[in-house]
Amino acid sequence: MTLFPDMVDYILGESIIGRARKNNFIDVRLHNIRDYSEDKHRRVDDTPYGGGKGMLMMAPPIYNCYSAILNEQAEESFVPESRRVIYMSPTGKVLNQKKAEELSKYDNLIILCGHYEGVDRRIVDEIVDEEISIGDFVLTGGEIPACILVDCVARLVDGVLSDPECHEKESISSGMLEYPQYTRPYEFHGVKVPDVLISGHHANIDKWRDESAKKLTEQNRPDLLEK
């Protein structure tokens, strides 16, 4: 649910996620909240009660959009128990890999993208199951965070990646940062690929990767080791 469906469609139409959509491993449906406005000018925002700068998205257009989605899903026999409604919000809990894995278990996610100063709180209280943030900073809208959430969750869906190992051993998923990786050429700007990686000795390579991952995690994300 967004005011800028073309923006979201463009981002999620490229690369791995775009191919996953074309191959029907995932289905991304975009709903323009303006289409559900009760105003002849398709207005979706108004000034907040109590004063303050900026505009706030009104509850009725969002609720009308949400109701239309539920009706659409009912016709296609979606199971309500396997649905999760998420509001991308700076006041939500910060997204991490564990949360992405939890959300990947649902068959259906409905994502609300806020804009301006956010949305009327009553709509959040009535339809939203949880609020999610992508970090401690403020953006102009929820579209980019929503795309990040979709990318993060969708790559965990069977068939989206060629092999489960693609995400199981990556940074964060494994509990540590990923080890450094190298490809051709063997020497670049005077720096050569570590000899162990071309030794053909798989046990030594695995040991080097484990030690390098731990060292990198200690340097950049010691909080992961503490966990």
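A residue counts as buried when its relative accessible area is under 20%, and as exposed when that value is over 50%. With that cut-off in hand, let's walk through this predicted model. Asp 120, with a relative accessible area of 14%, falls on the buried side, while Asp 158, at 70%, counts as exposed.

**Asp 120, a buried acidic residue**

- Look for Asp 120 in the loop that runs between β4 (108-113) and α5 (121-127).
- Its relative accessible area of 14% is below the 20% limit, so Asp 120 is classed as buried.
- The side chain of Asp 120 has a partner in that of Arg 122, and a polar contact of 2.7 Å joins the two.
- Leaving aside residues up to four places away in sequence, Asp 120 touches Leu 56, Met 57 and Ala 59.

**Helix α2 and its buried side**

- Helix α2 spans residues 15-22, and its buried residues are Ile 17, Gly 18, Ala 20 and Arg 21.
- Why do these residues share one side of α2? They cover an arc of only 160° around the axis, and that puts them on the same side of the helix.
- Among the elements that cover the buried residues of α2 are α1 (5-11) and α6 (143-154).
- After α2 comes Asn 24, which has a positive phi, near 65°.

**The largest pocket**

- α3 (59-75), β4 and α6 each supply at least two residues of the lining.
- By residue class, the lining divides into 20 nonpolar, 5 polar and 5 charged residues.

**Asp 158, an exposed acidic residue**

- Asp 158 sits in the loop between α6 and α7 (165-168).
- With 70% relative accessibility, Asp 158 is over the 50% limit and is therefore classed as exposed.
- Asp 158 and Arg 209 are 51 residues apart along the chain, and their C-alpha atoms are separated by 26 Å.

Technical notes
Residues numbered from 1 in each chain as written. Predicted model: local features only at pLDDT ≥ 70, side-chain atom pairs only at ≥ 80, totals over all residues. Heavy atoms only, no water. Buried < 20%, exposed > 50% of the residue type's maximum accessible area, 1.4 Å probe, protein only. Helix = DSSP H or I, 4+ residues; strand = E, 2+ residues; numbered from the N terminus. Arc of directions from axis to C-beta. Contact = heavy atoms within 4.5 Å. Polar contact = N/O pair within 3.5 Å; in protein donor to acceptor, adjacent residues only side chain to side chain. Nonpolar A, V, L, I, M, F, W, Y, C, P; charged D, E, K, R; others polar.
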